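Try each task before you read its solution.

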Amino acid sequence: MSSDEQDTGDDRARDGARSPGRRDPEQERRAAERARRIRERRAAERRAAAGTPAADGPDEPEDAGDRAADTGEVAEPAGRGSGRGAAAAVRERTAARAAERSRSRDPRYRRRRLVALLATAAVVLLGVSAAGWWALGRYGPPVATVRVDGTRQIPVRDVEAAAGDQTGVPLAAVDTDGVAARVSAIPGVAAVEVDRSWPDTLVVAVTERTPAALLDTPDGPKLVDVTGFVYRDAPPDVRLPRLQLPRVAPDDPATLAAVGVLQALPVPVRDQVQSLSLGGGGSTFELGLTEDRRVLWGPWPDTDRTAARARVLGPVLQREGAVYDVSSPSLVTVRQR
């Protein structure tokens, strides 16, 4: 028992002996002063137990122990309630940490967390890339050279003219799609790729069309590529088989079959072919060769036999004759007219 409590008991005993009834004002004052001291001490004990520093200000509301100082009731020892509260807080923190550990061990939680991290990183990278590309487009190195690759028949100056004057334009700001579209419009261009070669070169890579045959038109002979596309005037010295078909176009089945036949022939044989035309009834092909010879190719829709006919034609042409029938590769015939 503390000295204040001992004094309180002694004073109460003396007061009770002097005045068994109502307390006089002096007794009331001393009791109030003792109660105030007890309340202050117990408030300090509670703050110390809870780890809260003492602060100046009005006294905390009196609890059961404070009221007991005035009434003489038996009060709960100071710090017991705050101890229970601290223990409950510790239990709650422990349970929260255990729940967090359990959740972190869940594969689904880890996957969601990984996905979220990756998405955040992707957004950050995209933002940085966009900002960097914008800066290059405004302040990056300008184009100093336009390099043209892949041209054999198409003049380089035609490609450069179609690409436009890009000198001085920031390399990152060049409209590569627009350049590719303009160059693709040149007759004889099959494909175009436009790339940037840092720090200051724009590269235009051209894939030219491969000529497979000639087509006589009112405007003169035109080149026909391996897709059946008629694309440009034929040079005067070019030597290619002439297609003599009712219609020549990439969507015409007979045209596609004809260029397929010419591509399947060995080069020594193809060099001897002067024309390819439709045979009787329009369902067969006939090849006109040098030295006034002919090849009866057979039904042109039968493309499965194209490779076999092309293989036997080379050896057969070693034989004397004027008409070579390879419509049936397993039974080739040769006759003199």
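**Exercise 1. Find the partner of Glu33 and describe the pair.**

Step 1. Glu33 makes a salt bridge with Arg36, and their closest N and O atoms are 2.5 Å apart. A salt bridge here is a side-chain nitrogen of Lys or Arg within 4 Å of a carboxyl oxygen of Asp or Glu.

Step 2. Note the source. This is a predicted model, where local features need pLDDT of at least 70, side-chain atom pairs count only at pLDDT 80 or more, and totals for chains, interfaces and linings use all residues. Residues are numbered from 1 along each chain as its sequence is written, and side-chain values use heavy atoms, with hydrogens and water left out.

Step 3. Helices (H or I, at least four residues) and strands (E, at least two) are DSSP runs, numbered from the N terminus.

Step 4. Check the surroundings. Glu33 counts as partly exposed because its relative accessibility is 29%. Arg36 is also partly exposed, at 29%. The cut-offs are: buried under 20% relative accessible area, exposed over 50%, partly exposed in between (1.4 Å probe, protein chains only).

Step 5. Widen the view. A network of salt bridges links Glu33, Arg36, Arg37 and Glu40.

**Exercise 2. Which residue forms a salt bridge with Asp233?**

Step 1. The partner is Lys222, with the closest N and O atoms 2.3 Å apart.

Step 2. This pair links distant parts of the chain: Asp233 is in strand β6 (residues 230-233) and Lys222 in strand β5 (residues 220-225), eleven residues apart.

Step 3. Asp233 has 47% relative accessibility, so Asp233 is partly exposed. Lys222 has a relative accessible area of 18%, so Lys222 is buried.

**Exercise 3. Locate the cis peptide bond between Trp198 and Pro199.**

Step 1. Read the angle. Omega is about 15 degrees for the bond that joins Trp198 and Pro199.

Step 2. Find the loop. Pro199 lies between β2 (189-197) and β3 (201-208).

**Exercise 4. Is Glu291 buried or exposed?**

Step 1. Glu291 belongs to the loop between β9 (284-289) and β10 (293-299).

Step 2. The relative accessible area of Glu291 is 67%, so Glu291 is exposed.

Step 3. Look at the backbone. Glu291 is not a glycine, yet its phi is positive, near 60 degrees.

Step 4. Turn to Asp292, found in the loop between β9 and β10. Asp292 has a positive phi of about 60 degrees. Asp292 is exposed, at 54% relative accessible area.
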